[in-house]
Amino acid sequence: MTKVDRTKWANWSAQEGQMKGGCLCGAVRYIAEGEPLSSGICHCETCRRAASAPRLPFVSVPSAGFRYTSGAPIDYISSPGVTRSFCGRCGSPLTYRRDDTPGELDVMTVSLDNPNTIRPTFHVWTGEALDWDQITGELISYVRSCTE
């Protein structure tokens, strides 16, 4: 896991150690308690297809502090050992879970009530980025995952 600069999350502490969010239609709501572990932007083909977008920002949180407060998402096994959740009513992607990291969960940053609170600090799977999606800026970029 990449060491992150938590000073970029200055507004996070103002939320009393929790982030709230949900889907577009409001049918599914969640709360994530505890300090975020990391925050990045994924360019892999699976994330792009799940979001119908060229990239997907996410924030990793401790899974023990995450819970749904209303509604229930639909889970989808998108690849071996990976489960994604989304709202069955509006289709908003909400979470990404890996079987080999049960202590953490990725929440889709743009599903947060205040997505500006958590700024991404790196790009992953840039080797699968679309040719026309130019990656600019000073964030660290990894051709695959940040652990490889």
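Colleague: Is Asp-100 buried or exposed?

Modeller: Asp-100 is exposed, because its relative accessible area is 55%. Buried means under 20% relative accessible area, exposed over 50%, and partly exposed in between, with a 1.4 Å probe and protein chains only. This is a predicted model, in which local features need pLDDT of at least 70 and side-chain atom pairs count only at pLDDT 80 or more, whereas totals for chains, interfaces and linings use all residues. Residues are numbered from 1 along each chain as its sequence is written, and side-chain values use heavy atoms, with hydrogens and water left out.

Colleague: With which residue does Asp-100 form a salt bridge?

Modeller: Side chains of opposite charge can pair when their charged atoms come close. A salt bridge is a side-chain nitrogen of Lys or Arg within 4 Å of a carboxyl oxygen of Asp or Glu. Here Asp-100 meets Arg-98, at 2.6 Å from N to O. Arg-98 is partly exposed, since its relative accessible area is 34%.

Colleague: How many salt bridges does a search of the whole structure find?

Modeller: The search finds 6. One of them joins Arg-29 and Asp-113, whose closest N and O atoms are 2.7 Å apart. This pair links distant parts of the chain, 84 residues apart: Arg-29 is in strand E2 (residues 29–33), and Asp-113 is in the loop between E9 and E10. Helices (H or I, at least four residues) and strands (E, at least two) are DSSP runs, numbered from the N terminus. Arg-29 counts as partly exposed because its relative accessibility is 24%, and Asp-113 counts as partly exposed at 49%.

Colleague: What distance separates N and O in the salt bridge of Arg-55 and Asp-133?

Modeller: The distance is 2.7 Å. Arg-55 lies in the loop between H1 and E4 and Asp-133 in the loop between E10 and E11, 78 residues apart. Arg-55 counts as partly exposed at 24% relative accessibility, while Asp-133, at 11%, counts as buried.

Colleague: In what order do the 8 strands of the open sheet stand?

Modeller: Strands of a sheet pair through backbone hydrogen bonds, either parallel or antiparallel. Two strands pair if DSSP finds at least two bridges between them. The order is E6-E7-E8-E9-E4-E3-E10-E11, with mixed pairing. E6 and strand E11 (140–141) stand at the edges with a single partner strand each, so one side of each has no neighbour in the sheet. E4 and E9 run antiparallel and are joined by 5 bridges; Val-59 stands opposite Val-107 in E9.

Colleague: Which strands form the open sheet of 3 strands?

Modeller: The order is E1-E2-E5, and the pairing is antiparallel. Strand E1 (18–22) and strand E5 (66–70) are the edge strands, each pairing on one side only. E2 and E5 pair over 4 bridges, and Ile-31 stands opposite Arg-67 in E5.

Colleague: Which residues lie nearest the centre of the largest pocket?

Modeller: On a 1 Å grid over the protein atoms alone, a pocket is an open set of points where a 1.4 Å probe fits, with protein on both sides within 12 Å along at least five of seven lines; lining residues have an atom within 4 Å of a point. Tyr-96, Arg-98, Asp-106, Trp-125 and Ser-145 lie nearest the centre, among 28 lining residues. E9 gives the most to this lining, with 4 residues.
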